[in-house]
Amino acid sequence: MSRIRLGMVGGGNDAFIGAVHRIASRIDDRFELVAGALSSTPEKARASGKALGLAEDRSYGSFEEMAEKEAARDDGIEAVSIVTPNHVHAAASAAFLKRGIHVICDKPLTATQEDAEALRRAVAESQALFVLTHNYTGYPLVRQAREMVANGDLGEIRVVQAEYPQDWMTDAVETSGVKQAEWRTDPARSGAGGSIGDIGTHAYNLACFVTGLKGAELAADLQSFGAGRKLDDNAHVMLRFDGGARGMLWCSQVAPGCENGLRLRVYGTKGGLEWAQENPNELWYTPHGEPTRRITRMGAGASDAANAVSRVPPGHPEGYLEGFANIYAAAAEAIRAVQGGADRDASLGLLPGIGAGLEGMAFIGACVRSSESNAGWVTL
């Protein structure tokens, strides 16, 4: 497979997630970064492009300029990564989608529901792919957990518990020049959700991806513990799923001692599963009435679904970057399939798309509405 010509919007100097996307896109040698609009100001954008070795005429001052000029080139980009703060996602994605350029966008989908609906229409009107980087769905043992649930190994699902605690916003880091905290605590750029949008959507997506369940109702209690902080930094959410299963979700960015503690527990009539992102190469499975079993990535008991997205032998750590890379590798396969005439939606396979993005936005909106009504139950 020839490399896909990739552009990037956002992700310039001092941006964390842009570098992650660039590494992930290169791991399987499926993409080549050839163009970018890497910052919100033309000067910073071009400085970032120079630092990354982009040709001067392909380092743009805005995504609008980039979309127009790249679409006019014979060797223009085939896909673009959108790695900006949330409020830019919709307009940037739409600019490329309408020109037939495939979009790989960071989550959550957008900052507002209005923007989410506009992006939904843009995806529907385009022939190009839209991929949302819920990267934890790319972990091998997450794929195995999903397969085990689908195969009935856990029986009928009764209880789902998801959590995602961090501690990096325990202090008011948004007031001390931490760029990543500044925009995440600004409703104009982040949207209505703070921790629920940034990491709660990951926990919710993971719960739904593994179990195959859809949320029906929730009751949420959102807190902003940081003095003067406008968006939530901690949330407790009770969930009711279609079919009767119950769930709980906790996300926090003010939990000292927690670095990136995404964890999922699923319990059914025949057994239970537990997976933790900080130890991603092991999955704990307990058939009811039997001893707990430790399943390792590429080890005895690992499934074909897990092995298909593993790269290195068992016992070697594999995690965050490789999970992201699995999303990019699948996106590359889907892009080439669509270019070869395959059906766009069918080509997505397990890739998160506009549907997963809209579900995340519904989750954020429902959490905010519930918390505003004293944690009352609201529908998703």
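## Cysteines

In this predicted model, the sulfur of Cys 367 lies 7.5 Å from the closest cysteine sulfur, which belongs to Cys 251, and this is too far for a bond, because a disulfide requires the two sulfur atoms to be within 2.5 Å. Cys 367 is also buried, with a relative accessibility of 0%.

A search of the whole structure returns zero disulfides. Cys 258 is accordingly in no disulfide, the nearest cysteine sulfur being that of Cys 251 at 12 Å. With a relative accessible area of 23%, Cys 258 counts as partly exposed, because the buried class ends under 20% and the exposed class begins over 50%.

## Nonpolar cores

The largest nonpolar core comprises 77 residues, and within this core Phe 96 and Phe 130 have the most contacts. Helix H9, spanning residues 195–211, gives the most to this core, contributing nine residues.

When residues up to four places away in sequence are not counted, Phe 96 touches Val 9, Phe 63, Met 66, Ala 67, Ile 77, Val 80, Ile 82, Ile 101 and Val 103.

## A buried loop threonine

Thr 137 is found in the loop that runs between strand E5 (130–132) and helix H6 (140–150). Its relative accessibility is 1%, so Thr 137 counts as buried. Once neighbours within four places in sequence are left aside, the residues in contact with Thr 137 are Val 142, Arg 143, Asn 205, Phe 209, Ile 327 and Pro 352.

Key:
Residues numbered from 1 in each chain as written. Predicted model: local features only at pLDDT ≥ 70, side-chain atom pairs only at ≥ 80, totals over all residues. Heavy atoms only, no water. Core = buried A, V, L, I, M, F, W, Y, C linked by side-chain atoms within 4.5 Å. Buried < 20%, exposed > 50% of the residue type's maximum accessible area, 1.4 Å probe, protein only. Helix = DSSP H or I, 4+ residues; strand = E, 2+ residues; numbered from the N terminus. Contact = heavy atoms within 4.5 Å.
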